[in-house]
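Subject: Structure handover

Hi,

Here is the structure I promised. Please have a look, then read my notes below.

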Amino acid sequence: YFRQYRQNSALECEYGERISRNKMNNIKQIWNNLLDASGYKCRVLSYPVMLVILVACMIHSFRNVGILDAFPDTATYLRAGDNLMNFTLDVLRTPVYPLILAALKAISGLTYLPVAVAILQWLVFLIAIPYFYKLSMALIRSRKFVFWCVCFFAIDPYVYGFNNLMLTESLSISGLVFLVYCAAKCFQRPSAKYILWYTFWCLFLLFLRPAYVYLMAVYVIFIIMLILRFSSESKRAIITAVVGCIVVFSSYYSYKSEIRRLYGINSITIVSDYNKFHMLLARDLFKSKYATNPVTREKLEKACIDTIQGPDRSTFGPVYCRAMKGLKSLSMPELDQYVSDVINQNKGRMIIGTLSRACRYTLLDNSLCCYTSNPIRFNLRVTFEVWLYFGLCYLGCLIYAMVKARRLAFVSIFVFVISGASFCVGLFGAETENARLFISGLPFLILMFFQLLSQTKLKQQGEGLIV
């Protein structure tokens, strides 16, 4: 008996050692694959080194975790969370981010809320990096360019710097990466699972920030592309996408109708009207004569807004303060109706004003670093003209590649649509905060750039664009 027991014990020890060796070999294999995946023989240019740098940036950035009163927007999200806890919709903020803050506040308390938010947003961002890597691998045919594309996404201070702030930018960047990844998987192979995930991220982003209203139109484009890609192969996936689209539209308009019932405005937040007010003020259109409601016109005349001239850089502060007195004299329904009346009566001036200012817009520069207090700062400027020329170049190359291959590049088209939509929202949505609106499209601008750059390494030009 004891002899058999010793033999069994020896076999168990040998089996355990073998499992341990296999686990160590698997870990070594994964580590070696990470080192070699960049395509460089130099071990410094590898993903583990990139992750070490990112962790160092993360640790350093935690010294500047957002303070509760650092930005005016933060306080409005906290108030919206309190309102939602009392089962009341907030007129300033859509519900997703306030609910997240309210949940974290209940767990960590108000004192440690900034730290809890930073940890959550960093975790989501770190999870998004492998999905951005997979998306890059699908679009870029060079491992070296994939490596640099992922590095620019992961270590770009414009991207990760928002992880420490109680603002929606961090989750909007990561969420949009998840959404595009799900779309890319659907274009590769029809899958009801990924379509449901796509619907989830669409709803998440739509109620995270009002600027993502364009995702409803993108969902329709997504369905059309699925029909073109799998017209007869997977009717189940297409039906799932149509049902998901109906859910997204019905959710949005149900929320909008409830806000209209509660507050009397024709949008999901009053912030849209405030952004339009800034645009009217910059074009010298904030005048009482455009008001169709006599009560509104009388209130604006009493506030003497007709004497206000359009501000320039030196006079913006005083002019804005005077204009705000007239704005505050209006109720929310009156403000919503007034800005709509002015825009409807001056569509030409609004369009011309936007286009004339477009060349002066800087969609990305070091001014964003004032939000993030980054240890790294790039002297980088992405203006309207830079994006326009690059976008036209990418679109031209994409059309040429599709004509040459005689098939559609569904993933590349979708990435271009998302990037272009983010750019248009930054251009037309809110002139005073266009950089913050555009930042969610930056990862796809990086992806498109390296996708084009990788064409120099391909024997057949345009091959890497047809995905």
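Start with helix α12, residues 271-282. It has 12 residues and reaches 17 Å from first C-alpha to last, close to the 16 Å expected at 1.5 Å a residue (the expected span is 1.5 Å times one less than the number of residues). Helices here are DSSP runs of H or I, at least four residues, numbered from the N terminus. The buried residues of α12 are V271, D273, F277, H278, M279, L280 and L281 (buried: under 20% relative accessible area, 1.4 Å probe, protein chains only). Just after α12, D284 takes a positive phi of about 60 degrees.

This is a predicted model; local features need pLDDT of at least 70, side-chain atom pairs count only at 80 or more, and totals for chains, interfaces and linings use all residues. Residues are numbered from 1 along each chain as its sequence is written, and side-chain values use heavy atoms, without hydrogens or water.

On confidence: mean pLDDT (the predictor's confidence in each residue, 0 to 100) is 80, and 78% of residues reach 70 or more. Over residues 372-380 the pLDDT is below 50.

Now the largest pocket. The lining has 49 residues, and V271, S272, Y274, N275 and A430 lie nearest the centre (lining: an atom within 4 Å of a point of the pocket, an open set on a 1 Å grid over the protein atoms alone, where a 1.4 Å probe fits, with protein on both sides within 12 Å along at least five of seven lines). Helix α12 gives the most to this lining, with 8 residues.

Regards

How values were computed: Helices (H or I, at least four residues) and strands (E, at least two) are DSSP runs, numbered from the N terminus. Buried means under 20% relative accessible area, exposed over 50%, partly exposed in between (1.4 Å probe, protein chains only). Contact means heavy atoms within 4.5 Å.
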